Amino acid sequence: MDNLKKALTKLNIEFTDEQINQYEAYMNRILELNESINLTAITDRDEFVQKHYIDSLLCADYEEFLSATTIIDVGTGGGFPGIPLAIAFPDKEFVLMDSLNKRIKVIRNLCDEIGIGNVKAIHGRAEELARQKDLRESFDICVSRAVANMSTLSEYCIPFVKEGGAFIAYKGPDCDDEIAEASTAIERLGGGEVRIEYPKMENTGFEHTLVFLKKIKKTPKSYPRKAGTPSKNPIK
């Protein structure tokens with residue numbers, strides 16, 4: 001876990017031995033359970049640390065994340081980026097959501113087992129959960145490493161964010177065209193200024209672009225559209 005410790009230090013994140021133990025325990029259990037449930041395509045431990053832990057933590061060096069107290073992770077999969085961030089910042093509250101209930105059950109069980117007390121894991125589709133009063137426009141920021149084009153992802157994620165909050169999307173190194181194509185969707189959903197950051201971290205072997213999108217007005221009640229529509233028919 002030396003690379004993880006170095007990354008945490010570089011990102012100015014204080015950590016304890018207990019937190020490092022939590023990271024190790026979560027990785028061990030995910031890799032163990034992965035034999036029966038598809039949680040990650042990454043099975044090498046060093047690669048796991050680099051591509052799931054360090055990469056997930058890259059947003060933690062920016063003001064939008066540092067000033068947030070409530071965070072939702074949309075399409076969390078095996079718990080990324082939510083779990084690495086939740087372990088590093090036990091004073092913040094996290095909601096992790098995914099459409100596959102098997103994954104959500106794993107996250108709940110592992111949080112109980114390992115003692116990660118600031119995570120609530122919920123099952124459902126973003127299009128439906130974003131219409132619930134207790135979730136809609138309730139979070140300081142939304143983070144997502146989900147694989148979807150920016151227009152579709154914006155419709156999944158922006159409705160969860162409060163006015164004045166932000167959506168942080170983890171994207172590949174070349175996403176300028178994708179973001180430009182999503183400009184209509186972003187504006188229509190209540191998004192404003194878009195900022196692209198290129199965080200650098202040695203020894204990750206994996207590069208993400210972080211897209212920061214500020215929420216400047218309420219999302220119209222007609223969004224998100226019914227389940228399946230954002231992916232089949234993105235806003236243009």
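1. E181 sits in helix α9 (residues 176-181); helices are DSSP runs of H or I of at least four residues, and strands are E runs of at least two, numbered from the N terminus. With a relative accessibility of 61%, E181 counts as exposed (exposed is over 50% relative accessible area, buried under 20%, partly exposed in between; 1.4 Å probe, protein chains only).

2. A word on the basis: this is a predicted model, where local features need pLDDT of at least 70, side-chain atom pairs count only at pLDDT 80 or more, and totals for chains, interfaces and linings use all residues. Numbering runs from 1 along each chain as its sequence is written, and side-chain values use heavy atoms, leaving out hydrogens and water.

3. Helix α3 (residues 45-56) is worth a look: nine of its 12 residues are buried, so the rest of the structure largely encloses it. Among the buried ones are F48, V49 and Y53.

4. K51 is buried, while E47, at 27% relative accessibility, is partly exposed.

5. D55 and R145 also meet in a salt bridge (2.9 Å, N to O). This pair links distant parts of the chain, 90 residues apart: D55 belongs to α3, R145 to the loop between β4 (139-144) and α8 (150-157). Both D55 and R145 are buried.

Definitions and conventions
A salt bridge is a side-chain nitrogen of Lys or Arg within 4 Å of a carboxyl oxygen of Asp or Glu.
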